[in-house]
Amino acid sequence: MQSAFSLSFSQSSLTLPNRPLCSSNASPRNLRFCGLRREAFGFSPSKQLNSCRFQVKSRRIEVSAAAGGNGAPSNKSFDYDLVIIGAGVGGHGAALHAVEKGLKTAIIEGDVVGGTCVNRGCVPSKALLAVSGRMRELQNEHHMKSFGLQVSAAGYDRQGVADHASNLATKIRNNLTNSMKALGVDLLTGFGSVLGPQKVKYGKDNIITAKDIIIATGSVPFVPKGIEVDGKTVITSDHALKLESVPDWIAIVGSGYIGLEFSDVYTALGSEVTFIEALDQLMPGFDPEISKLAQRVLINPRKIDYHTGVFASKITPAKDGRPVMIELIDAKTKEPKDTLEVDAALIATGRAPFTNGLGLENINVATQRGFIPVDERMRVIDGNGKLVPNLYCIGDANGKLMLAHAASAQGISVVEQVTGRDHVLKHLSIPAACFTHPEISMVGLTEPQAREKAEKEGFKVSIAKTSFKANTKALAENEGEGLAKMIYRPDNGEILGVHIFGLHAADLIHEASNAIALGTRIQDIKLAVHAHPTLSEVVDELFKAAKVESPASTTPQSVKATV
Amino acid sequence: MAVSSSSFLSTPSLSNSKSTISFASSVSPAPITSLRRVAFRSSSSHRRAMTVRSKIREIFMPALSSTMTEGKIVSWLKTEGEKLAKGQSVVVVESDKADMDVETFYDGYLAAIVVGEGETAPVGAAIGLLAETEAEIEEAKNKAASKSSAAVAPSPPPPATSSPAPAIAQPAPVAAVSDGPRKTVATPYAKKLAKQHKVDIGSIAGTGPFGRITASDVEAAAGIAPSVAPPPPPPPASAAATAKATATSSPPLLPDSSVVPFTAMQSAVSKNMIESLSVPTFRVGYPVNTDALDALYEKVKPKGVTMTALLAKAAGMALAQHPVVNASCKDGKGFTYNSNINIAVAVAINGGLITPVLQDADKLDLYLLSQKWKELVGKARSKQLQPHEYNSGTFTLSNLGMFGVDRFDAILPPGQGAIMAVGASKPTVVADKDGFFSVKNKMMVNVTADHRIVYGADLAAFLQTFAKIVENPDSLTL
């Protein structure tokens, strides 16, 4: 109920009388990430209820009933109301929300709880990046001197760093498991597959029925053909996160989020890096202006070089006293271009959906390049283009937006639908972040995308920009390097996209992504107050720098109430 | 650097009066409204315009904000020789507030970069030159060369990055050892360093795994001390010394004193001197009779032989008999016996000090050595020395005799085993063992050595051999 309530804000009119009073409830619980939801659930319901003094009584009862557990299925002819295949972040988010909504829920996991994000992705990589950030700072004599600090040469213990990453993964995995156990979600162990409509098999021969089924099987690292992964010298992110070695020189194939983050880790730990990028420029997918600046800060001054417009057609692991050999061919002409000899190669060419053995043929669903086709409500589409009833697919397996928090949001959206409230997730409001030093974050459209859309739909686009050099807190930290940029419609004040490169960019993006999700216009949000001096003023500067033709819609009173 | 035009200073957008970073910044709209700012540049410099009609424009450090006094070059977006069109971004400048792309107002070619990436120049200083036609690029480059030597924040011309004393005595296997057909493999950082120090990567022999060229190979070739790699802690002595140095310099300046920042060469000298404090050295002096040497010098002088060549040859021959004095202790763990005897000779050049190296001084004959020396001195004066010509020394010779100095002691350059300080040869009254007095020319030779590898007896024996050679100099001409 709590979440239903908060979700309703995104669509409901602004006239809800109790909205300002219950503003704490409006936090986007539906987008909560990874293991943090456990804590949120553990403490928040009662607390939030207390803070909403005018809460209707019936609501409180419903919430406590829901929190009380995972009771009997509402429909006696099924074992469960909802069965989720895959206990990654997406499945976990869906399960928690389902219990909250009073559904009897089971989650099937054939490997470890937590999926890629927690065990082989975002979580351990953040542990490594936390180390690399500190190393970078301690090694930067100039930076330290400018603070008046003296530090003798920083060193690191590889195993210690690796242990930090694996300990963090274990801790978050346990949090995740406990949060589901505490709520009474049935954790079923074994590989799950779809036997037929509303019927799922897991493990050897356990068959259960459910009113609705969510596929949330995620993805695995994608390795292009011709590349031989040995797990020692030619590796994927799965191996790299274990940090079994720090090679002197590592080639990273792909310069997207994964490649960039690993380049940050490896260069901080003393490796030299060579990027291999198939497209003509590094960091494709980022706003061009951001990637230009990012290259200036994250690539050029570091021990990194790169080859763009080339494919790694063949990579042979180091053996018989030979280094790792990488054959490069031109991405367009396919002509051989160069051969590299390096100590290791990390394949970061993206991720492929993990949908084999799911029994999709039983329900006549054909994958597209491995992805399960879905509509905007995550309902699975079969081979004839028809919707498969009661079957949904969320997260990396559907390929809509391969981010952990997107999967979780999709799962919550599905639960909303199966509990009787139509909901379509606004993907453009989902933020993304790359945790380099400094960080990169974004939400919505890039400038070229926005200009293309504007051309088609006939509206004007404006850009507001601000530099971290104008932010007091950033300067206090000696981290003035950075840029924030907002793309917006000057006619109505709609935010189309925000891109930030700078200190703590990943934490700063949410003011913008929430504004987009809630439909808040610039002329309104620019009146909100930010504590001084904080980095959040960077985003404030963006809002204030924007020139919007429409007047603010909020009345003076309600502004006062928000403050 | 005359600010020969005020055109950019008058650009309206520079009067960025509200752009103070302060408390107010949280309230007022962003001071930086646009990152793409002014173009700058200026018409050809006055004195040039008088004599030459060609259009070489100076690219100035623009004032990007009202408070900006100097700017740092973040990156050059164009390389030397590249064609520029009006309105194109040429360089990214970091002001006190933001990084800004700076555009050109003119078509032409980026002829020369005067202030390199990462360096700082005051507002109004020339940071690059723009030639109107391709033909003028050369001319602009020459102009840039004269500029950079005079500039306060100069770009590093190769010799300037050198040390007074060779930083690391790599026994110069340099070009000689490249093993034929293998393609050169250089690590990303090695390539970056090579570009930065203008070292031809093809001329370096790789010593890394699989024969690849690593950053330390490039640093050795460029004659700079290796940057502190993450794991090895720096010698605490030098850290303490640095701290001390900064502490002693902190008392307030006397009125009318001026502070002149080090040039790149002076910084290198300073760094090496501090580094030398981590080596335990000792000194041994020896008087040498030079009558015979002086006589020989008079004889061979018309053939172009210099005293420097004579002394280098003598030292080389003595070193050949005492290889330990030609050795070096690089990591504090063992001796490195150098395969060649390369005598570095300290030379004072305008505003600095450099040590051109006479390679294989023991093997080359006196005339070739003299010829070589002349060539090196010429190159040193015109800053044309290649890295291997000033950083491959295994033993250094410093002679202040021409100033009448009778004795002095030299600081051992890091990476070498010993340095010889030569004083003036002076008529001295000597008594022989029979009690007869006579007047002979004597000079004091004082050698500073690394006691980790060279011990007192080694050095004494070496000096004895050296004195013998000088006192019976016929072998020098063989």
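Biologist: How do strand β14 (residues 395-399) and strand β15 (residues 418-431) of chain B pair, parallel or antiparallel?
Modeller: β14 and β15 of chain B pair in the parallel sense, over four bridges. Two strands count as paired if DSSP finds at least two bridges between them. Helices (H or I, at least four residues) and strands (E, at least two) are DSSP runs, numbered from the N terminus.

Biologist: And what is the bridge partner of Asn399(B) in β15(B)?
Modeller: Asn399(B) has Val422(B) as its bridge partner there.

Biologist: Ground rules before we go on?
Modeller: This is a predicted model, where local features need pLDDT of at least 70, side-chain atom pairs count only at pLDDT 80 or more, and totals for chains, interfaces and linings use all residues. Residues are numbered from 1 along each chain as its sequence is written, chains are lettered from A and ligands numbered from 1 in the order written, and side-chain values use heavy atoms, leaving out hydrogens and water.

Biologist: Back to the sheet. What is the order of the six strands in chain B?
Modeller: The order is β9-β16-β15-β14-β10-β13, in an open sheet with mixed pairing.

Biologist: Which are the edge strands?
Modeller: β9 (281-289) and β13 (357-358) of chain B; each pairs on one side only.

Biologist: What does helix α11 (residues 456-471) of chain B lie across?
Modeller: α11(B) lies across β9, β14, β15 and β16 (437-450) of chain B. Its angle to β9(B) is about 25 degrees. Axes are lines fitted to C-alpha atoms, for helices over the stretch in contact, and angles run from 0 to 180 degrees between N-to-C directions.

Biologist: Which residues touch the most other members in the largest nonpolar core?
Modeller: Val325(B), Ile343(B), Phe395(B), Met420(B), Leu459(B), Phe462(B) and Phe466(B), in a core of 57 residues. A nonpolar core is a set of buried Ala, Val, Leu, Ile, Met, Phe, Trp, Tyr and Cys residues joined through side-chain atoms within 4.5 Å. Buried means under 20% relative accessible area, exposed over 50%, and partly exposed in between, with a 1.4 Å probe and protein chains only. Helix α8 (residues 307-321) of chain B gives the largest share of this core, nine residues.

Biologist: What does Phe462(B) touch?
Modeller: Leaving out residues up to four places away in sequence, Phe462(B) touches Ala315(B), Ala318(B), Leu319(B), His322(B), Val325(B), Phe395(B), Met420(B) and Val447(B). Contact here means heavy atoms within 4.5 Å.

Biologist: Which residues are in the second, separate core?
Modeller: That core has 53 residues, including Val89(A), Val99(A), Met180(A) and Val194(A).

Biologist: Still in chain B, how many residues of helix α4 (residues 215-222) are buried?
Modeller: Seven of its eight residues, so α4(B) is mostly covered. Those buried residues pack against α3 (188-196) and α10 (388-391) of chain B. Gly223(B) follows the helix, with a positive phi near 75 degrees.

Biologist: Switch to chain A. How many helices and strands?
Modeller: Chain A has 18 helices and 23 strands. Of its 563 residues, 54% count as buried.

Biologist: Which residues of helix α13 (residues 447-457) of chain A are buried?
Modeller: Glu447(A), Ala450(A) and Ala454(A). They cover an arc of only 60 degrees around the axis, which puts them on the same side of α13(A). The arc is that of the directions from the helix axis to the C-beta atoms. On the other side, Glu455(A) and Lys456(A) are exposed.

Biologist: What covers the buried residues of α13(A)?
Modeller: The cover includes α11 (288-299), β21 (462-467), β22 (483-488) and β23 (495-502) of chain A.

Biologist: What is the strand order in the open sheet of chain A?
Modeller: Five strands run β8-β15-β9-β10-β11, with parallel pairing. β8 (234-236) and β11 (304-308) stand at the edges, each with a single partner strand, so one side of each lacks a neighbour in the sheet. On average, neighbouring strands are turned by 20 degrees against each other, direction ignored.

Biologist: How many bridges join β8(A) to strand β15 (residues 344-347) of chain A?
Modeller: Three. In β15(A), Ile347(A) is the bridge partner of Thr236(A).

Biologist: And which strands does helix α10 (residues 257-268) of chain A lie across?
Modeller: β8, β9 (249-253), β10 (272-277), β11 and β15 of chain A. α10(A) runs at about 165 degrees to β10(A).
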